[in-house]
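Subject: Structure handover

Dear colleague,

Here is the structure for your files.

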Amino acid sequence: MSDVQYMRRALELAARAEGEVPVGAVVVLEDRIVGEGWNRPQSANDPTSHAEVEAIRAAGKALGNYRLTGATLYATLEPCTMCVGAIFLARIARVVYGAADPKTGAADLFMSRYNHHAKAQGGVLAEECGAALKRFFAARR
């Protein structure tokens, strides 16, 4: 599958975040989805239940390892600082995101001096990912 196809799956998952910010994520290893997640901090009563963290948790359980070396994470929104930390700890090799997040996005941390580095690519289906977020926030106002 391609980056676009995996991002489309992440968009499908974002739609499951009923009443919450619609963000979805998938973890892919060797052309196979090994973890999926969507935002659910309110429904889980857990501030760490971002889509990326949920997908990383699911992948770790599926693979029986918290290290996801060589994996790619697809997220519909640029990851925040917390999620970047989880990505580093999981040793994810590559991050592909859709919409940029000028307020809390932390993709610049991928160019940091930390032990682990992940390659980051933004803008995959950015318009579709951004539209889902705009619809959500317009309905809330």
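Strand β1 and strand β3 (residues 72–77) are antiparallel and are joined by four bridges. Helices (H or I, at least four residues) and strands (E, at least two) are DSSP runs, numbered from the N terminus. Two strands are called paired if DSSP finds at least two bridges between them. Within this pairing, V26 is opposite Y74 in β3.

The model is a predicted one: local features need pLDDT of at least 70, side-chain atom pairs count only at pLDDT 80 or more, and totals for chains, interfaces and linings use all residues. Residues are numbered from 1 along each chain as its sequence is written, and side-chain values use heavy atoms, with hydrogens and water left out.

Strand β1

β1 also runs antiparallel to strand β2 (residues 32–38), with six bridges between them. V26 takes part here as well, standing opposite E36 in β2. Buried below means under 20% relative accessible area, exposed over 50%, and partly exposed in between (1.4 Å probe, protein chains only). Six of the six residues of β1 (residues 24–29) are buried, so the strand is largely enclosed by the rest of the structure. Cover is present on both faces: G24, V26 and V28 are buried on one side, and A25, V27 and L29 on the other.

Backbone points

Most residues other than glycine have a negative phi. Two residues with a positive value are listed here. E30 has a phi near 55° and is not a glycine. E30 sits in the loop between β1 and β2, a hairpin with two residues between the strands. E30 is exposed, at 74% relative accessibility. R91, also not a glycine, has a positive phi of about 65°. R91 belongs to the loop between α4 (81–90) and β4 (94–99). With a relative accessible area of 26%, R91 is partly exposed.

Helix α5

K134 is placed in helix α5 (residues 126–140). K134 is exposed, with a relative accessible area of 64%. Between K134 and T72 there are 62 residues of sequence separation and 26 Å of space, C-alpha to C-alpha.

The chain as a whole

The chain has five helices and five strands, in the order α-β-β-α-α-β-α-β-β-α along the sequence. Its radius of gyration is 14 Å, close to the 14 Å that the globule rule gives for 141 residues, so the chain is as compact as a globular protein of that length. That radius is taken over C-alpha atoms, and the rule is 2.2 Å times the number of residues to the power 0.38. The C-alpha trace spans about 40 × 30 × 30 Å along its principal axes.

Of the 141 residues, 46% count as buried. Taking contacts (heavy atoms within 4.5 Å) between residues at least 6 apart in sequence, 56% join residues at least 24 apart. The accessible surface (Shrake-Rupley method, 1.4 Å probe; for residues, only the protein chains shown count as cover) is about 7500 Å², and 52% of that surface belongs to carbon and sulfur atoms.

There are 17 positive and 15 negative side chains, and the centres of the two sets are 3 Å apart. Lys and Arg count as positive and Asp and Glu as negative, with His and the chain ends not counted. Each charge is placed at NZ of Lys, CZ of Arg, CG of Asp or CD of Glu.

Regards
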